[in-house]
Amino acid sequence: MTTLSPENSLSARQSASFILGLHPFVRTEAWKFLTGYYSWQSSQDERLMVDSTRRKNYEALCQMYEKIQPLLENLHRNFIETRNNIAYDIQKLYDKDPLGNVLIDKKRLEKILLLSYVCNTQAEYQQGFHEMVMLFQLMVEHDHETFWLFQFFLQKTEHSCVISIGVGKNLGMLNNVINVLDPVFAEHLKGKGAGAVQSLFPWFCLYFQRAFKSFDDVWRLWEVLLTGKPCRNFQVLVAYSMLQMVRKQVLQESMTGDDILLACNNLIDLDVAELISAACTAYAELVQKDVPQPLKDFFL
């Protein structure tokens with residue numbers, strides 16, 4: 001898929017079939033392989049040992065956090081502010097299903113987010129992490145699994161949802177993709193529609209969570225991103241495909257940047273299979289173009 005020729009580009013257009021999504025019965029276990037929590041070559045006994053080690057490491061981190069918490073409160077100004085932000089974001093989460101049953105444990109979620117903030121210096125807490133970690137908590141049973149799956153997910157996706165690391169790069173590459181695949185749209189976005197693309201950072205920060213009707217659809221897209229197929233940084237092509245959904249309206253109405261952003265924010269309840277397929281088609285078109293080397297390197 002990374003070296004497509006015109007002869008086999010049809011396979012790229014149909015490449016949504018390379019992953020149909022994981023069945024709920026196997027999702028929890030399969031995600032541990034997809035993220036790197038378990039090695040693909042591990043035996044059952046080895047996996048039991050790995051899980052035990054990860055649980056012990058998580059408990060050790062919790063104990064360390066309890067010991068240094070007073071120090072953090074006294075010496076680090078950002079700690080108290082971040083803790084308050086986490087508590088505020090979690091409080092806003094709707095934690096019940098349509099029948100009124102509680103879906104998540106907010107106290108446990110807050111603990112995991114605080115521990116991640118303290119331990120992962122590459123990914124400081126940002127608004128939206130609470131929604132991401134909530135999905136991991138819904139998927140697995142134990143807190144150590146939630147914590148490590150989130151850490152491995154960030155690593156596997158090259159921290160591309162982290163504002164200080166990957167989001168700006170994603171937006172820049174999205175502009176480059178539009179320039180190559182849709183010059184007419186690109187000209188409008190540089191002129192009257194200026195600023196629209198840079199305002200789409202929530203797509204990447206939340207990994208498109210709010211574009212779908214169900215958690216299953218979000219998980220399905222994330223599973224594709226974790227496979228690294230058909231290319232690295234597939235999230236940028238997903239964003240490009242979503243922009244194409246509003247392209248006709250934008251050009252017909254000669255929309256401004258603010259109006260484009262509003263139209264993009266109205267992209268909800270999308271069909272995840274169609275979106276993945278459209279992004280694969282965009283990739284097939286891209287690899288047949290004479291693109292700048294940095295753009296090639298970004299996707300290969």
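The expected span of a helix is 1.5 Å times one less than its number of residues. Keep that rule in hand as we walk through this predicted model.

Start with helix H8, residues 163–181. H8 has 19 residues, and the rule gives an expected span of 27 Å. In the model, H8 reaches 26 Å from its first C-alpha to its last, close to that value.

Now look at which parts of H8 are hidden. Its buried residues are Gly 166, Val 167, Asn 170, Leu 171, Met 173, Leu 174, Val 177, Ile 178 and Leu 181. Here is a general point that helps in reading such a list. An α-helix has 3.6 residues a turn, so residues three or four places apart point the same way. What covers the buried residues of H8? The cover includes H9, helix H10 (201–205), helix H12 (234–252), helix H14 (272–287) and helix H15 (293–299).

Take one of these partners, H14. The axes of H8 and H14 come within 10 Å and cross at roughly 70°. Angles of 65 to 115 degrees count as roughly perpendicular, so H8 and H14 are roughly perpendicular to each other. Their crossing is left-handed. On the H8 side, Val 177, Val 180 and Leu 181 take part; they meet Ala 282, Glu 285 and Leu 286 of H14. By class, this contact of H8 with H14 has five nonpolar residues, no polar ones and one charged one.

Next comes H9, another helix covering the buried residues of H8. H9 spans residues 183–190 and holds Phe 185. Is Phe 185 buried or exposed? Phe 185 counts as buried because its relative accessibility is 0%, and the cut-off for buried is under 20%. Leaving aside neighbours within four places in sequence, Phe 185 is in contact with Ile 178, Leu 243, Gln 244, Arg 247, Val 250 and Leu 251. One of these, Ile 178, is itself among the buried residues of H8. For a sense of distance, turn to Leu 109. Leu 109 and Phe 185 are 76 residues apart along the chain, and their C-alpha atoms are separated by 42 Å.

Finally, move to another pair of helices. Helix H6 (residues 129–139) packs against helix H7 (residues 143–156) at an angle of about 120°, with the axes 9 Å apart. H6 and H7 are therefore oblique to each other. Their crossing is right-handed. H6 brings Phe 129, Met 132, Val 133, Phe 136 and Gln 137 to the contact, while H7 brings Thr 146, Leu 149, Phe 150 and Phe 153. By class, the contact of H6 with H7 has seven nonpolar, two polar and no charged residues.

Conventions. Residues numbered from 1 in each chain as written. Predicted model: local features only at pLDDT ≥ 70, side-chain atom pairs only at ≥ 80, totals over all residues. Heavy atoms only, no water. Helix = DSSP H or I, 4+ residues; strand = E, 2+ residues; numbered from the N terminus. Buried < 20%, exposed > 50% of the residue type's maximum accessible area, 1.4 Å probe, protein only. Contact = heavy atoms within 4.5 Å. Axes fitted to C-alpha atoms, helices over the stretch in contact; angles between N-to-C directions. Parallel < 35°, antiparallel > 145°, perpendicular 65-115°, else oblique. Left-handed = near helix turned anticlockwise from the far one by under 90°. Nonpolar A, V, L, I, M, F, W, Y, C, P; charged D, E, K, R; others polar.
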